[in-house]
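Let's take a friendly walk through a structure together. Keep the picture open beside the text, and look for each part as it comes up.

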Amino acid sequence: MKIKKLLISSIVCIVLIITTLPLMTACGGGADKEGKTIKLGITTPSTGKAAEKGRPMEHGQKDAIAYVNAELGGVEGYKIEIVWRDNGYDAAQMSNIVRNFMDEGCVMFSTSSSAMMTAAMGLANQYGFPGLAAFSSPNLYRPPQHIYGQLPDYGDDFLAFMNYYLDEVWQGSGKPKVAIHALNNSTGKGAIDAARAFADEMGITILWDGAEGKAFEHKADTISEMESLTRIKALNPDVLYISSTPAPTALIIKNARELGMNVAIASGHAGFTSKLFELAGADSEGVYGVFPTVSWGDDVPGMDKLMEYCGANHPEDAGNGDYITGWAQSLIMIKIVETAIKNAGYDALAAGDANAWAVIENEGIKKLVNYLVEGLHGPVSYSVGDNRLSKSVRVFQVVNGKVEALTDWINAPVVKYEDFEWFGQ
Amino acid sequence: MAILRTRTHWGLLIAILVILFTTPLYLGNYWLGVFNFIGITLIAATGLNILTGYCGQLSIGHAGFIAVGAYTSAILTTRFEMPFLVGLLCAGLMAGIIGIIFGLPSIRVKGFYLAITTIAAQFIIMWVINQWGWTGGQLGMTVPFASIGGYVFRSGPSQFYLIIGITVLCVFFAKNLVRTKVGRAFIAIRDNDLAAEVMGVNLTYYKLLAFFIGCFFAGIAGSLFAHWNITLTPEQFSFTDSILYVGIIIIGGLGTSVGPIFGVLFIRLLKEILTINVVPFLEDKLTMFPSGFASGVTPMMFGLVIVLFLILEPRGLAHRWNLFKASYRLWPFSY
Amino acid sequence: MDFNWGEFLQFTITGLSVGMVYALIALGFALIWKASSVANLALGQIVLISSWFTYSMLAQAGLPAYIGLPIVAIFALFLGWVIERFALRPLIAQPILSLIAVTLGIGYFLEGLITFIWPLSTAALPDLFPKEVIHIGSAVISQEYVWVIGICLLVFLALTMFFRYHRMGIAMRATADDQMAVQACGIPVTRVFSTSWMFACVVAAIGGVLISSIGSISHGLVETGLKAFSVVILGGLDSFIGAIVAGPIIGLAETYGGGYLTEHLWAGVRDVIPFVIIIIVMVIKPYGLFGEERIERI
């Protein structure tokens, strides 16, 4: 009898909690309905495998919108309302989140990771719901549809770094040999596709793992890459290029150092963050990295506000490049909304329906010309047939424990991956 | 004995069907999406219930078999341009066959050994999907919406009717299956497989049949998922989901026909409400905790619910339902 | 092409050392199985939560290792006691399916709890071991792995001795054999169970500290825990010697497989090999190399 009472009371408790919480949230949000708002959908992997990137991006995105609402009075006088959902890096969750955004009347949505946008893009493209992915890979917008990339993709990283390497570092004769260690999702795939498309043109030899197009691969939760690195070492590479997230990147760098590999190690922008330096410690010395935003504390117009908000709201993110990316992503979305309001008026966007989405795309995104994102990353413009909004990256290197910029903004070329027969196969 | 015995039964059935098929009138696209997903999950859970609840063969790799179905259907409809219905059927068959292959060890082992085998099955299946060219590998693939004879199930309500229609069929099939010779053989195997064998139940045949049927349902669910979600990536079929399916049938009530329905409704609605309402709410209001903590609430709740049900109500919500029915029938003389 | 012996040596050493990591986790599994015939599927999560706790003690609270690590051990004992007392004990004499499912539920809960308390997803432990690598011929092995191997053997020895000579160990073996008979002899079965869980959690915590100092603390430890099941399956569920022997076998199979097959097969072969081994063992020799074959009666 006692057990049954326990069960019943626990179930009642759970049900009560579940039913009351949403009510409370509903009451909290009610006050905003007076003013006219624009809704933006934001989803970040704030938990799960990619949380070390997702969390600072979430904070950056939210803080930027708080800044615009509080200090600039919103966009053209209209406040921005955020609909934020954690996707937990769970692809099965994404389609419902996108549906939720569409139902809530968001005018557009953004994701942090390319993997989550990959899971979302089927629906978004079907309904013409514009999406902005901070980190992207060629499969998202080749061929271009309704998904846009905030930053150059993982393929562009590779090309930018190799160009820099060939111009400035490579001293030997003949073609440098490049081994790619790729994460087993779109993050790694982007670099592989670029390498495959451009190796001959750039004059480098890619060390494939067997067949062409098959790079050395790792999982997000690997605990030892000694085996794959031993095989890479046996091939005598000049460059080890890692396209992955920070934790595996750190492990690969550590293992490569243990094996005494004498190569230039480079990381794509998904892995080249403060978390990497924390995890890899002294081993990260000398590692090259490509990053599409400025470094923390650089002298650019938007940095003061960003640091002020970060210090006040999320001091733990200080120095994190992903926070900057998130902040910039929000600024771009706001700029898009602003452009759309200027060109088509608020009423066209108010409903947040299919018409509003089309307006956002045609009158907002496609009218972006040389927006500087307060200097936080390369300029943002739309050019026909290329859904990457910003096309520039910079090459960095860890020198004496500090990240130093080696180059100015390098523009990455448009690659028509869909023209290659192997793309997407 | 008929499933429906009294007028009240008929009345209830008709009422439920009417409510079910008019749902799109009251619900927005988003909640329809949630209910579509509930329907798909229910098909898979019904399959797992046949395999685990009735036949006693624990499978912790169900998400892998769902993935087999999803990709089979996706490949057939995109690369071979087969109609959706063919894809749906082949998805079920393919998943069933793969299920038989990984169910082979069940002839020799059971209990924990079998559980581990199915875990291994999940990882092997997902590896193949991740690496095989036809599946689009890690980038996944885009799948067309379901269509029958030129009609495309594009809008929320049309998808809802398709999915709920197939779900009702599957649940009805499962309900009837366990009343047949096959179902009784399954139950005999679950309760004591050696005794069942002595009594003349062909263990090999029925165990593999249970795997086939359970995974066939998983395949159907996978196919519907593919054509509803229209993007497939390997990450959508995680090991965590496999555990969740086991949790669903435990919470609902193992080896009961209404169990999966309760379990799926409970878990999916809980998950939806937790991720959409509770997590952002907690994250906003409780700022003294490190940010991001609230997302731990969902798995914690699930784990807790599974453990609590096992300890306090191992027969699941279905048992509660029966008690409720009994007390309703006996009222006002409850003893 | 000549056979590359240097490469082979490196593969062997890496395989052995990674295999010992699996063996260490597998010991914790065998410990519980031996005492109570419960399959602990929450192993990976227990490893993970003790790693995070270590992180809290050593990195966040800044305690020195000689204070921090004993606290971690006490935490692990407590965790084991809590799990046994509140989740497993109410289920004594329930069907195996419930027992498996309850550990799955515990795993789920612990994963949520980890996110709840440490929403970081990944972090690095402070260096516990010297960083210099050890050279064996042309191959290298990092010192952390040497420690893993040493500690794993120690744990194995301690457990074997304990089960052979200590009263509690003998009681545990007896309990696994026949709960009813043991109870009739006046052995406190519940205490046997809780002791075995407490010990198993300590073993898991040792594993957690070692593995996370090799790489980083991340969700991957859960899958490492799953791979360790291939070790217990191959070695036999109730055998410590089985775990110690099968661990390196799995580790070697993984690295050799990865090293020599990846070129010819799909990428990621290495990670799927333990699971293929599970299937093969199931079909050929389900009770493992050293496991006790049980004969069933009606």
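This is a predicted model: local features need pLDDT of at least 70, side-chain atom pairs count only at pLDDT 80 or more; totals for chains, interfaces and linings use all residues.

You can find Glu76(A) in the loop that lies between α2 and β2 of chain A. Its phi is positive, about 50°, although Glu76(A) is not a glycine.

Look for Ile230(B) in the loop between α9 (203-229) and β4 (231-232) of chain B. Is Ile230(B) buried or exposed? Ile230(B) counts as buried, because it has 21 C-beta neighbours inside 10 Å and the cut-off for buried is 20 or more.

## The sheet of chain A

Now turn to the strands of chain A. Five of them form an open sheet with parallel pairing, in the order β2-β1-β3-β4-β5. Which strands are at the edges of the sheet? They are β2 and β5 (147-149) of chain A, each of which pairs on one side only. On average, neighbouring strands of this sheet are turned by 25° against each other, with direction ignored.

Helix α4(A) packs on this sheet, where it touches β1 (37-44), β3 (108-111), β4 and β5 of chain A. The direction of α4(A) makes about 165° with that of β4(A).

Strand β1(A) is largely enclosed by the rest of the structure, because seven of its eight residues are buried.

| Strand pair | Sense | Bridges |
|---|---|---|
| β1(A) and β2(A) | parallel | eight bridges |
| β1(A) and β3(A) | parallel | four bridges |
| β4(A) and β5(A) | parallel | three bridges |
| β2(C) and β3(C) | antiparallel | four bridges |

Gly41(A) has Val83(A) in β2(A) as its bridge partner. Leu40(A) stands opposite Met108(A) in β3(A). Further along the sheet, Gly131(A) stands opposite Ile147(A) in β5(A).

## A hairpin in chain C

In chain C, strand β2 covers residues 133-136 and strand β3 covers residues 139-142. Together β2(C) and β3(C) form a hairpin, with two residues between them. In the turn, Gly137(C) has a positive phi of about 60°.

Helix α10 of chain B runs over residues 239-252, which makes 14 residues. How far does α10(B) reach from its first C-alpha to its last, and what is expected at 1.5 Å a residue? The helix reaches 20 Å, close to the 20 Å expected. α10(B) is mostly covered, with 11 of its 14 residues buried. Among the buried ones are Ser242(B), Tyr245(B), Val246(B) and Gly252(B). After the helix comes Gly253(B), whose phi is positive, near 125°.

Chain A is divided into domain 1 (34-152 + 299-390) and domain 2 (154-291 + 394-419). The centres of these two domains of chain A, taken over C-alpha atoms, are 28 Å apart. Their contact takes 20 residues from domain 1 of chain A and 25 residues from domain 2 of chain A. On the domain 1 side, α2, α4 and α11 (321-344) of chain A are the elements that give two or more residues. Of these, α4(A) gives the most, with three residues. By class, that side has six nonpolar, eight polar and six charged residues.

Chain A also touches chain B, in a contact with 41 residues from chain A and 35 residues from chain B. The elements of chain A that give two or more residues to this contact include α1 (2-29), β2 (79-86) and α6 (186-202). Which element of chain A gives the most to this side? That is α1(A), with nine residues. By class, the side of chain A that touches chain B has 16 nonpolar, 19 polar and six charged residues.

Methods: Residues are numbered from 1 along each chain as its sequence is written. Chains are lettered from A and ligands numbered from 1 in the order in which they are written. Two residues are in contact if their C-beta atoms, placed from the backbone, lie within 7 Å. Ala, Val, Leu, Ile, Met, Phe, Trp, Tyr, Cys and Pro count as nonpolar, Asp, Glu, Lys and Arg as charged, and the others, Gly among them, as polar. Two strands pair if DSSP finds at least two bridges between them. The expected span of a helix is 1.5 Å times one less than its number of residues. A residue is buried if 20 or more other C-beta atoms lie within 10 Å of its own, exposed if 12 or fewer, and partly exposed in between; C-beta atoms are placed from the backbone. Axes are lines fitted to C-alpha atoms, for helices over the stretch in contact, and angles run from 0 to 180 degrees between N-to-C directions. Domain bounds come from an automatic or database domain assignment.
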